[in-house]
Amino acid sequence: MSRLIVVSNRVPLPAKNGAASAGGLAVALQSALAARGGLWLGWSGKICSDEPVGPLTTLKDGNIEYALTDLTDLDVEEYYQGFANRVLWPICHYRLDLAEYGRREMTGYFRVNQFFASRLLPLIQKDDVIWIHDYHLIPLAEELRRQGVKNRIGFFLHIPWPAPDVFLAMPVHDELLKSLTAYDVIGFQTRQDRENFAACLARQNIGERLGEEEFSAAGRTFIARPYPIGIETDEFAKLARQAGNTTLHKRMRQSLDGKDLIIGVDRLDYSKGITQRIDAFETFLTRHPDYQRKVTLLQITPKSRSEVPEYEAMQKTVAEQAGRVNGALGTVDWVPIRYVNRSLRRAALAGLYRMAKVALVTPLRDGMNLVAKEFVAAQDEDDPGVLLLSRFAGAAHELKEAMLVNPYDVEGTADVIARSLAMPREERQARWEGMMATVRENNVFTWCDTFLGDLAGNEAPEGVEQPRLKRVSR
Ligand SMILES: O=P(O)(O)OC[C@H]1O[C@H](O[C@H]2O[C@H](CO)[C@@H](O)[C@H](O)[C@H]2O)[C@H](O)[C@@H](O)[C@@H]1O
Ligand SMILES: O=c1ccn([C@@H]2O[C@H](COP(=O)(O)OP(=O)(O)O)[C@@H](O)[C@H]2O)c(=O)[nH]1
């Protein structure tokens with residue numbers, strides 16, 4: 001088996017294993033790589049003030065070798081905080097109003113991609129397969145090809161690919177589209193993302209579509225397919241079953257004192273729809289006063305990308321909003337919203353998901369949303385909770401049995417909260433069984449194996465059916 005090289009901006013450092021991770025990409029890749037082994041190159045998370053940046057830090061943990069590079073202040077400002085998180089992130093999440101495009105940041109983005117290529121080049125061996133992740137590193141393959149790399153290179157986009165009218169509002173759209181044609185396999189979370197990408201290529205007259213998944217451009221062919229990312233389902237379900245007796249969970253149960261728990265878990269990000277969710281929860285309590293003092297919303301929201309102005313502003317907005325609702329509706333012995341502004345370990349989250357009657361997963365746009373899948377995996381099959389899920393999350397393309405909502409419709413979401421809390425056990429079980437079957441089938445290992453099978457160019461032997469993801473379309 002050839003060696004796998006994974007490249008991503010975010011790498012969870014081995015020292016932090018078991019601790020809360022920085023988001024879905026790190027969580028999923030950690031699971032996938034631990035099972036297969038390989039080399040993982042990415043940003044160390046450290047910023048160095050002197051140039052040139054020092055040598056790579058290398059570490060080994062189990063069968064994963066890590067190669068980590070520092071970045072300079074300017075790199076982080078222009079590439080990560082600038083172009084990646086103030087241009088690509090808002091545009092791919094349909095927030096053209098928040099996109100702050102500047103040539104300086106765009107130049108920094110391409111420069112840091114060249115820098116990643118220079119760090120990776122000396123490590124590449126002839127038969128390695130290279131798997132590059134996410135919007136930070138779109139031009140990396142093109143840069144490697146320019147330096148003569150002939151290896152198979154794949155790319156997976158963890159966030160949505162927007163409709164052409166939105167994507168093409170970005171000044172450097174053609175450069176990015178053309179650079180993607182340097183890959184052999186391009187993976188998206190959903191069919192809709194792939195179709196949006198294909199529509200951008202067609203609109204810009206870049207290459208040719210040869211089939212549903214096959215494309216050609218600049219003398220090369222590549223495939224573009226949906227590969228919905230998953231979780232370590234059975235492992236997560238086990239974590240949740242075992243969590244019941246920990247001190248944290250006992251204390252939590254005690255403090256609920258018989259009240260129903262509603263849970264929300266999201267990085268503090270405008271794409272996650274947290275303010276609309278709190279509005280919906282307030283509307284629900286106002287319209288259904290019988291539920292006042294009988295439910296509690298636990299909103300766990302670790303800070304994220306705090307140096308980016310839109311994220312910094314959100315910290316204040318959400319804290320004020322939760323405080324206002326608690327002030328308006330709370331009583332001396334009941335707080336409607338418990339707002340936790342830090343990261344929890346996965347085992348702690350697993351037990352809390354299992355304790356909850358309802359999960360509110362209501363992003364305005366999300367590539368996938370692993371929290372939705374973790375919530376499903378964590379449930380007690382005899383008495384499962386209800387997943388209330390935004391139709392704009394990638395996960396909604398698979399979890400059809402969830403209570404699907406439009407997060408922009410605050411009153412509609414409030415009504416669905418009430419329906420979910422009152423749902424009879426039989427309906428909860430029927431919905432959960434359907435979702436759990438999907439989360440089991442499309443788990444993180446299926447995601448990884450299917451992508452890497454395509455990247456290796458595997459053909460199923462005659463008479464043997466190739467393991468395929470459960471087809472998802474909408
Ligand atoms: O690395 P950060 O800037 O701290 O952000 C955390 C990650 O956020 C995004 O996660 C996405 O990937 C998940 C797994 O595929 C998916 O479920 C979710 O919908 C996405 O938002 C981002 O794409 C990652 O690169 C970040 O590491
Ligand atoms: O306090 C927290 C909050 C979140 N997470 C994890 O962070 C990931 C979030 O991934 P998701 O795909 O939902 O969204 P992203 O943050 O990647 O956009 C999930 O695995 C969560 O379990 C965590 O470990 N601790």
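**Exercise 1.** How many residues of the shell around ligand 2 are nonpolar, polar and charged?

*Solution.* The model is predicted, with local features requiring pLDDT of at least 70, side-chain atom pairs pLDDT 80 or more, and totals for chains, interfaces and linings using all residues. Residues are numbered from 1 along each chain as written, chains are lettered from A and ligands numbered from 1 in written order, and side-chain values use heavy atoms, without hydrogens and water.

Step 1. The shell divides into 9 nonpolar, 5 polar and 4 charged residues. Ala, Val, Leu, Ile, Met, Phe, Trp, Tyr, Cys and Pro count as nonpolar, Asp, Glu, Lys and Arg as charged, and the others, including Gly, as polar.

Step 2. Among the residues around ligand 2 that come nearest are G24, R267 and E374 (a residue is near if one of its heavy atoms lies within 4 Å).

**Exercise 2.** State the distances from oxygen atoms of ligand 2 to R267 and E374.

*Solution.* Step 1. For R267, an N or O atom of the side chain is 2.7 Å from a ligand 2 oxygen.

Step 1. For E374, the corresponding distance, again to a side-chain N or O atom, is 2.6 Å.

Technical notes. A polar contact is a pair of N or O atoms within 3.5 Å; within protein, one must be able to donate a hydrogen and the other to accept it, and residues adjacent in sequence count only if both atoms are side-chain atoms.
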